[in-house]
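Subject: Structure for you to look at

Hi,

Here is the structure I promised to pass on. Have a look at it first, then read my notes below.

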Amino acid sequence: MKRVFAHGGEAVVREVPEPTLRKGEVLVRPAYSAISVGTEMWLIGGSADPDFGVHEYPSVPPSWPKTRTPIDLDHPMPKPSDPSHIAIGYSLAGVVVDVDDQVLDIAPGDLVACSGSQCAHHAEMVAVPRHLVAKVPPGLSLDKAAFVTLGSIAIAGLRETECHFGETVVQYGLGLLGLLGAQIGRAAGFKVIGIDIDPARRQLARELGVENVLDPGEQDVVSAVKDLTDGYGADGVVLGIKSESSEPLNQCFDMSRQRGRVVGLGLFGWEIDRGRFFANRVSLHPAVGYGLGRYDPVYEEGNVDYPIGLARWTENRNQGYFLDLLASGQVDVSRLAPDRVPIESAPDAYEILRRQDRPPTVLLQYGSGD
C-alpha cells in the first residue's frame, strides 16, 4: 500500500506492507486525510537534517511519561517505522474494514474518523486503537470528518483556558487551528477575538463568523482587546502562531484580565518579560495533544477509559464532540481545504502549502473518496 513519509526534506510516497489487525484495534480504509500544516512542514523540513532528533510517538516504553502506576500492559505497542523516514499524518476519516474481537461497538462498514500520530498516518490502510476512533454522525461527509484531530487539538486548547460561556477568548493566530478554534469558541458561547498579521486569514475568519478580527501590524491589539472587554482584558488567550519573537507571548499577558490564562499552542519565542507576566497575575499553560489520554499508553493502546465522572473530556470524547459540531453546521471546514490531492501525488500537496497564497490546509484523497 502507499504511505507518505518525511525524508530528506521532502514528502515522499513509499510502498509498505498493509498493517495487521491487533488486539483492540480497528482496521480502516481512509477516504481522506487532512494535513496538519505546522507539524508536518516542520517534520519535513527537519528530515533533511541528520541531527534533527525528532522522536516518533511512541518511543520505547522506558521513555513513556509516568501517568499511572507501572503495570504490565497486555496490549501491543505501535509498530516503529523505518527511522530513516519520519511518519506524518494523524487526522483522517474512512470506512471500517475489520475490527478485533475486543471491539464491541464498531463494525465493518461503519464510517469513522481517526486520530493518532502513531497510527492514523497518510496511508491507504491504517490500524487504530479503539480510543482513537470516533463514529461519523449520519449525514456528515468524510472529507469534513477528516478534520477530526485538528478540531480536537483546537478544542483541547480552548479547554485549557477554563473559560465559560459569556467570557472572552482571543485566538492569537488564525491559521488552521485558530480558524477552527474561533468557530468552536463561538459555538461554546464565548466572545471570540481573532488576531493575525495575514489579511487573507483575517478575511476568512470574518467570513466564518468571527466578528472581532484585529491586525497586530496596524493597530494596538492590547488596547483593542481592552476596549472590547470593558477595559478588563480577555479571560483566555490561545497563542497559536509560529514566530521566533517573544513579543506576541508578552502581548498575551498584557491583553489578559487579572488572573487570566494564556495557552501556548504554537512555536514562538519564550523570553518572558517578568513585569508583564506578573502584572495581571497571568497563568501560562501548554496545550498538548487532543485531550486527556494523549501520551497515556494504558488509555490509548490498552483502551482503558478514564471514568467520565472524573475526566469529562478525554481525547476520544473531544473527537465525538467535534464531529457533532461539524454535523450540526456550527463549525464549517468547507473553506479550509479547497484542494484535494490523490495519495500517489502527495508531494504536490505540500508544494501547494509552500505557496505564498497557500490555503489553510490540503486534503489527501484515497481512491474516489467514498
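A word you'll need first: a residue counts as buried when its relative accessible area is under 20%, exposed when that is over 50%, and partly exposed in between, using a 1.4 Å probe and protein chains only. Keep in mind that this is a predicted model, where local features need pLDDT of at least 70, side-chain atom pairs count only at pLDDT 80 or more, and totals for chains, interfaces and linings use all residues. Residues are numbered from 1 along each chain as its sequence is written, and side-chain values use heavy atoms, with hydrogens and water left out.

Two loop residues to start with. Arg281 is partly exposed, with a relative accessible area of 47%. Arg281 isn't a glycine, yet it has a positive phi of about 55°. You'll find Arg281 in the loop between helix H8 (274-279) and strand E14 (283-286); helices (H or I, at least four residues) and strands (E, at least two) are DSSP runs numbered from the N terminus. Asn303, also not a glycine, has a positive phi of about 60° and sits in the loop between helix H9 (297-300) and helix H10 (315-327).

Next, helix H6 (residues 221-228). Val221, Val222, Ala224 and Val225 are buried there. They cover an arc of only 165° around the axis, so they are on the same side of H6; the arc is taken from the directions from the helix axis to the C-beta atoms. The buried residues of H6 pack against strands E9 (168-172), E10 (191-195), E11 (212-214) and E12 (234-239), and against helix H7 (247-255), where contact means heavy atoms within 4.5 Å. Just after H6, Asp230 takes a positive phi of about 55°.

There's also an open sheet of three strands, in the order E2-E1-E4, with antiparallel pairing. Strands E2 (10-15) and E4 (86-87) are at the edges with a single partner strand each, so one side of each has no neighbour in the sheet. Two strands pair if DSSP finds at least two bridges between them; E1 (residues 2-7) and E2 are joined by six. Among the bridge partners, Lys2 goes with Glu15 in E2.

Happy browsing!
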